[in-house]
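Please read it alongside the sequence and the coordinates shown here.

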Amino acid sequence: MTMADNEMNKRLLPPVLAGFFVMGFCDIVAPVSGRIAAGLPASMQGAASFLPTMVFLWFLVLSAPLAGVMNRIGRRAMALAGYAFTAAGLLVPYAAGEGASLGWYFAGFGLLGVGNTAIQVSMNPLLAAIVPAQRMTSLLTVGQIFRNTSLLLLAPVMTVLTAVTGSWRLLLPIYAAVTAVCGVWL
């Protein structure tokens, strides 16, 4: 897409910024690890502390290879693949059910990490394609505000869900649904 220095595609900006919001969903893993550990036998509770590693390890391992794949398939396709992995990663432990083994959480959060890596690799270049260079820095900051807002909302949403349903786990399909809606919007 070629754009004059002062033009910005305002129609495409909101769905791209929503991608930054979805990018923040990986940050749920650290706060929920304690809740997951509490539901496990004492011998397995220490292993739950490695759940956040399953998310963030994938950025280290996959960011460069996914950037290469993105150059072949495109920014939007990479973002949509990231959304698919993110939604799957959120749904795997939920589908496994209450009291699921730790393996389901490792599998789900591993998929969440792969999805988040794909989203992180694609969002900045996607934003760069629709905004002029002189607005890029400020809009990257806005994107980070969206990402941090999703983390900021985590505690109140989890508190309400726990108060209403008795479990935090409904957060997983809710976040998966939000991810799917953002994917359709993009």
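The axes of helix α4 (residues 75-96) and helix α7 (residues 171-185) come within 8 Å and cross at roughly 165 degrees, where axes are lines fitted to C-alpha atoms, for helices over the stretch in contact, and angles run from 0 to 180 degrees between N-to-C directions. That angle makes α4 roughly antiparallel to α7, a term that applies to angles over 145 degrees. The model is predicted, so that local features need pLDDT of at least 70 and side-chain atom pairs count only at pLDDT 80 or more, whereas totals for chains, interfaces and linings use all residues. Residues are numbered from 1 along each chain as its sequence is written, and side-chain values use heavy atoms, with hydrogens and water left out. Helices are DSSP runs (H or I, at least four residues) numbered from the N terminus.

α4 passes α7 in a left-handed crossing, meaning that the near helix is turned anticlockwise from the far one by less than a right angle. On the α4 side the contact (heavy atoms within 4.5 Å) includes Leu-80, Tyr-83, Leu-90 and Tyr-94, while among the α7 residues that take part are Leu-172, Tyr-175, Thr-179 and Cys-182. By class, this contact of α4 with α7 has 12 nonpolar, 3 polar and no charged residues; here Ala, Val, Leu, Ile, Met, Phe, Trp, Tyr, Cys and Pro count as nonpolar, Asp, Glu, Lys and Arg as charged, and the others, Gly among them, as polar.

Helix α1 (residues 13-23) also packs against α7, with axes that come within 9 Å and cross at roughly 155 degrees, and the two are therefore roughly antiparallel to each other. In this left-handed crossing of α1 past α7, Pro-14, Pro-15, Ala-18, Phe-21 and Val-22 of α1 meet Val-178, Thr-179, Cys-182 and Trp-185 of α7. Trp-185 and Pro-15 are 170 residues apart in sequence, yet 5.9 Å apart in space, C-alpha to C-alpha. Leaving aside neighbours within four places in sequence, Trp-185 is in contact with Pro-14, Pro-15 and Ala-18.

The axes of α1 and helix α5 (residues 102-130) come within 10 Å and cross at roughly 155 degrees, which makes α1 roughly antiparallel to α5. This crossing of α1 and α5 is left-handed, and among the residues that meet are Phe-20 and Met-23 in α1 and Ile-119, Met-123 and Leu-127 in α5.

The classes of the contact residues are set out below.

| α4 and α7 | 12 residues | 3 residues | no residues |

The largest pocket holds about 170 Å³ of space. Its lining has 13 residues, of which Arg-35, Gly-39, Glu-98, Tyr-105 and Trp-168 lie nearest the centre of the pocket. The lining of the largest pocket divides into 5 nonpolar, 5 polar and 3 charged residues. A pocket is an open set of points on a 1 Å grid over the protein atoms alone where a 1.4 Å probe fits, with protein on both sides within 12 Å along at least five of seven lines, and lining residues have an atom within 4 Å of a point.

Terms used. Angles under 35 degrees count as roughly parallel, over 145 as roughly antiparallel, 65 to 115 as roughly perpendicular and the rest as oblique. Grid points are joined across faces, edges and corners, and a volume is the space filled by probe spheres set on the points.
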